[in-house]
Amino acid sequence: MPQSKRDRALILIKPDGVQRGLIGEIIGRFERVGLKLAALKLVFATREQAFEHYKKDDVWFEKVGKRAIEEKKLAGKPIEKTPIEYGQEKQKVLVDFITSGPVAAMIWQGNSVCDIVRKLVGGTEPLTSDVGTIRGDFTVDSYHLADADMRSVRNIIHSSETKEEAEREIKIWFKEEEILKYDLIVEKILYDLDLLK
Ligand code: ADP
């Protein structure tokens, strides 16, 4: 799909980010890069909503399940399930985590917003995510620790991976009337042709 200044991304500040008092810091980072906030609310997610959000395919189950098996081997624990089964178990712990406390749900808008936001958010694992990113700057978790306790990696924030994924996720978290359409003055500076007039 072509890039557009109207692209949208779903962002969730997960329960660890809310409890760490990072809502303002994260919103500030998105504002200063020039993105537009189109919707914002604090919610307790239902389990159904969370399962819908973390609808993963066999490729993801296999990838995450294989990692869990490697960790079990390292810890000398028995391997009792297939990678897919361990991956599915991981999906359940993601749901446990995202429903464990309030989540700040937002829609941000701007040119290639999913790519811009993922750059600011950093890689999935805080241990290896870059310095300067949200996950790299504000937390310390690793796959190793999370797998050892069979829990979700606590990495502060979720951001949509692609434009298509964003449109699927937005429907899970927002009603159409909660999403605002308005002009932000900064968009003129970022995108308008007649900047110098
Ligand atoms: P991202 O959030 O970076 O897009 P994924 O969609 O692959 O990453 O995973 C969703 C969330 O599941 C991650 O943000 C993280 O909290 C958690 N997670 C991913 N992989 C693992 C894992 N191997 N063990 C525990 N939790 C994981």
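1. Where does the ligand sit? The ligand sits in the largest pocket. On a 1 Å grid over the protein atoms alone, a pocket is an open set of points with protein on both sides within 12 Å along at least five of seven lines, whereas a cavity is a set where a 1.4 Å probe fits but cannot get out; lining residues have an atom within 4 Å of a point. A molecule sits in a cavity or pocket if more than half of its atoms lie within 2 Å of its grid points.

2. The basis of this note is a predicted model, in which local features need pLDDT of at least 70 and side-chain atom pairs count only at pLDDT 80 or more, while totals for chains, interfaces and linings use all residues. Residues are numbered from 1 along each chain as its sequence is written, and side-chain values use heavy atoms, with hydrogens and water left out.

3. The ligand has 17 residues around it, of which Lys-56, Trp-60, Thr-124, Val-153 and Asn-155 come nearest. Here a residue is near a molecule or strand if one of its heavy atoms lies within 4 Å of it.

4. Oxygen atoms of the ligand take part in each case: Thr-124 has a polar side-chain atom at 2.5 Å, Asn-155 has one at 2.8 Å, and Lys-14 has a side-chain N or O atom at 2.9 Å. On its own, the ligand has 530 Å² of accessible area, and the protein covers 95% of this. Accessible areas come from the Shrake-Rupley method with a 1.4 Å probe; for residues, only the protein chains shown count as cover.

5. Which elements give two or more residues to the shell around the ligand? They are α4 (58-74), α5 and α8 (143-148). Helix α4 gives the most, with three residues. Helices (H or I, at least four residues) and strands (E, at least two) are DSSP runs, numbered from the N terminus.

6. How many salt bridges are there? The count comes to 18, a salt bridge being a side-chain nitrogen of Lys or Arg within 4 Å of a carboxyl oxygen of Asp or Glu. One of them joins Asp-96 and Arg-47, with an N to O distance of 3.0 Å. Because Asp-96 lies in helix α5 (residues 83-98) and Arg-47 in helix α3 (residues 47-53), the pair ties together parts that are 49 residues apart in sequence. Asp-96 is partly exposed at 30% relative accessibility, as is Arg-47 at 35%; buried means under 20% relative accessible area, exposed over 50%, and partly exposed in between (1.4 Å probe, protein chains only).

7. Other salt bridges include Lys-81 with Glu-89, at 2.4 Å from N to O. Lys-81 is partly exposed, with a relative accessible area of 35%, and Glu-89 is partly exposed at 26%. Lys-188 and Asp-192 form another, at 3.5 Å; Lys-188 is partly exposed at 43% and Asp-192 is partly exposed at 31%.

8. Ile-156 has a positive phi of about 75°. The loop between α8 and β4 (157-159) holds Ile-156, which is buried with a relative accessible area of 0%.

9. Ser-142 lies in the loop between α7 (134-138) and α8 and is buried at 8% relative accessibility. Its side chain reaches the backbone nitrogen of Leu-145 at 3.3 Å. Glu-71, in helix α4, is buried at 15% relative accessibility. The C-alpha atoms of Glu-71 and His-144 are separated by 6.6 Å, although these residues are 73 residues apart along the chain.

Definitions and conventions:
Polar contact = N/O pair within 3.5 Å; in protein donor to acceptor, adjacent residues only side chain to side chain.
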